[in-house]
Each structure stands twice: as structure tokens, then as C-alpha cells.
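Subject: Handover of a structure and notes on what was found

Dear colleague,

Please find the structure below, with the sequence alongside. My notes follow it, and I would be grateful if you would read them with the model open.

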Amino acid sequence: MLAIIHKRRGGGYLPLCLACLLIFCTLAGLYMLTQQKTAAPPQGTQAPPVRVRPLIVEADILYDTRNARVSFPRVLGVGQDSVADMVNRRLERDFALPEMEQFISDQRGSQIPWELDFGFSAEQIGEVLHLRALRYSFTGGAHGSTEKMDAYIDCANGAMYTLDDLFQDPPAARAAIAALIDRQIATHKEDFFPDAKAAPLPELFSFSPDGLVIEYPPYSIAPYASGFQAFTIPVEEVMPLIDTAAPFFSALKRDVGAQN
């Protein structure tokens, strides 16, 4: 179970959106992944249900001013308190909270128009919490800078997973996926820079009904005006690359129907 609570620094909880989100297999594509290469239990036996602790993501509103709006995720209910503390420290590092705080401090009093917006979305896939952060900053010029960041957290033990944790052979999988993306780029050359190449793959990824989605930030392979470039790797192409026995994949397909 996933609940999101908004909390303003210096104040109490704000019930802006208290939602329980329980997703057995949020994405049809992920469901298709889990249905393949999954060994059945021995005949006559039944796998015990996996019990998942209720999960709370607190939206800590650190800044809410004319120039700066920062709503940062705080994860509760992951393992013991020490595990939750470790996860939240990692999120502060991966989502660059110290850098944002320094940016705001440096810009205060500036005569140049500036802006910083940071927010996030959360979903639970199996026993994995997926946080996607979106950050926009502006310090003058033609346009600002937009970034997306992902975090995949095991709800049972606080382990944090990366793209490589999905694969049997990460370098080979990255090369295979890059080749597939290069093929997609080649069919729409006019939309990309002349020298656009898929490798190295970005770390921004998600799951769609059709497969694994890899996203490139603006300016990396296409002009800023084109925004983020998303490429879907079909289930039938990505499945042979997946390590179905690895903790990441196992947590993604784990049954969350039985609650404590």
C-alpha cells in the first residue's frame, strides 16, 4: 500500500492528497515480463504469500516562495527506521538536495530573474517504490533547464536499484538496447542531431504497456525544443536480457496482495 502525505516544513501534515495506491502489476508490459521465464513451484506445494508493510511517502515542502518551490520525498515504512534513514539520505544525494539548497542560497538577492521548481510522483510496482523527480531551474536566458531523475526502492529492505540491476549481463544488455534505439533514430533522422547516438544509455527508465522505456534529456540527442526523447524497447526484445532471478525483477513481480 502506498500513501502520499504532504507536509509543510514548520507545520503539520496537509491532507492535499492522501491516496492509497496498491498496484498488483501497474503496467501491462511489466505483467508480460513477469509471466515469462518464471518457474512454477514444485507440484503439490504452494508459495507462501509475501507480506508488505504499508508504505508512506511524505512530500516535505521545503520551499514555497515566489522563486523556489521544492516538495521533496521522504520515505517511511521501509524496513526498520535505520533503513528508512539510509534510503532518505540516498535520495537527498541522488536527487541533489544539497545542490538545490545551495542554488537557492546563492540566488537570494539576485537582480537576475531566477526560479527553481522541484516535485515528484510515486507509484508502487509489485514490491518496488518508483519515485520520479522533476526539476526545473532558470537563471535567465532563452529558457531554463529541465531534469528528470528516477529512484527504484525495494519496499521490503530499502535496496535501491538501477537499470543494470535488471540484466543478466549489463554491458551486453546496454549495447543491445543502444543498437535498437539507434535503429529507431535512423528511421526519424530529421528529429535528431546529425551525430545522435544511443550510447551511452541514460539512467532514466520506466515501464510501459509495451516494454522498457528509455528517456534522453533535452540537448543530449535532439534540440531543446524537442524535449525528452523516449524510446520503447518491446517486451519480446528486452525479455531475453532480463535476469529473472535477480532481486530487482523478483521485487517488481512480487505479490503485494497480502498485507500485515
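Two strands are taken to pair if DSSP finds at least two bridges between them. Please note also that this is a predicted model.

Strands and hairpins

On that basis, β11 and β12 pair in the antiparallel sense, over four bridges. The two strands form a hairpin, with two residues between them. Within this pairing, Phe207 has Leu212 in β12 as its bridge partner.

In a regular strand, side chains alternate between the two faces of the sheet. Strand β11 (residues 205-208) sends Phe205 and Phe207 one way and Ser206 and Ser208 the other way, and all of these are buried.

Strand β7 (residues 115-125) runs antiparallel to β8, and eleven bridges join the two. Here Gly119 stands opposite Leu134 of β8. The hairpin of β7 and β8 has two residues between the strands, and Gly126 takes a positive phi near 60 degrees in it.

On its other pairing, β8 is joined to β9 by ten bridges, and these strands also run antiparallel. Val128 has Asp154 in β9 as its bridge partner. The hairpin of β8 and β9 has six residues between the strands, and in this hairpin Gly140 takes a positive phi near 100 degrees.

How enclosed is strand β8? Nine of the eleven residues of this strand (residues 128-138) are buried, so β8 is largely enclosed by the rest of the structure.

Aromatic residues

A pair of aromatic rings is described by the distance of the centres and the angle of the planes. With ring centres within 6.5 Å as the condition for a pair, the count comes to 13 aromatic pairs. One of them is formed by Phe205 and Phe207, which are edge-to-face at 6.3 Å centre to centre, with 90 degrees between the planes. Phe205 counts as buried because its relative accessibility is 2%, and Phe207 counts as buried at 8%.

Tyr216 and Phe231 form another edge-to-face pair, with 5.7 Å centre to centre and 90 degrees between the planes. Tyr216 lies in strand β12 (residues 211-216) and Phe231 in strand β13 (residues 229-234), so this pair ties together parts that are 15 residues apart in sequence. Tyr216 is buried, with a relative accessible area of 3%, and Phe231 is buried with 4%.

Tyr152, Tyr161, Phe205, Phe207 and Phe248 form one aromatic cluster. Elsewhere, Lys148 lies over the face of Phe228, at 4.5 Å from the ring centre.

The largest pocket

The largest pocket has a volume of about 270 Å³. Its lining consists of 15 residues, and Asp94, Asp150, Ala151, Thr162 and Glu203 lie nearest the centre. By residue class, the lining divides into nine nonpolar, one polar and five charged.

Which elements supply at least two residues each to this lining? They are α2 (81-94), β9 (145-154) and β10 (160-161). Among the contributors, β9 gives the most to the lining, with five residues.

With kind regards

Note on methods:
Residues numbered from 1 in each chain as written. Predicted model: local features only at pLDDT ≥ 70, side-chain atom pairs only at ≥ 80, totals over all residues. Heavy atoms only, no water. Phe/Tyr/Trp six-rings, centres within 6.5 Å; stacked < 30°, edge-to-face > 60°. Buried < 20%, exposed > 50% of the residue type's maximum accessible area, 1.4 Å probe, protein only. Lys NZ or Arg CZ within 6 Å of the ring centre and 35° of its normal. 1 Å grid on protein atoms, 1.4 Å probe; cavity = no way out; pocket = protein on both sides within 12 Å on 5 of 7 lines; lining within 4 Å. Points joined across faces, edges and corners; volume = space filled by probe spheres on them. Nonpolar A, V, L, I, M, F, W, Y, C, P; charged D, E, K, R; others polar.
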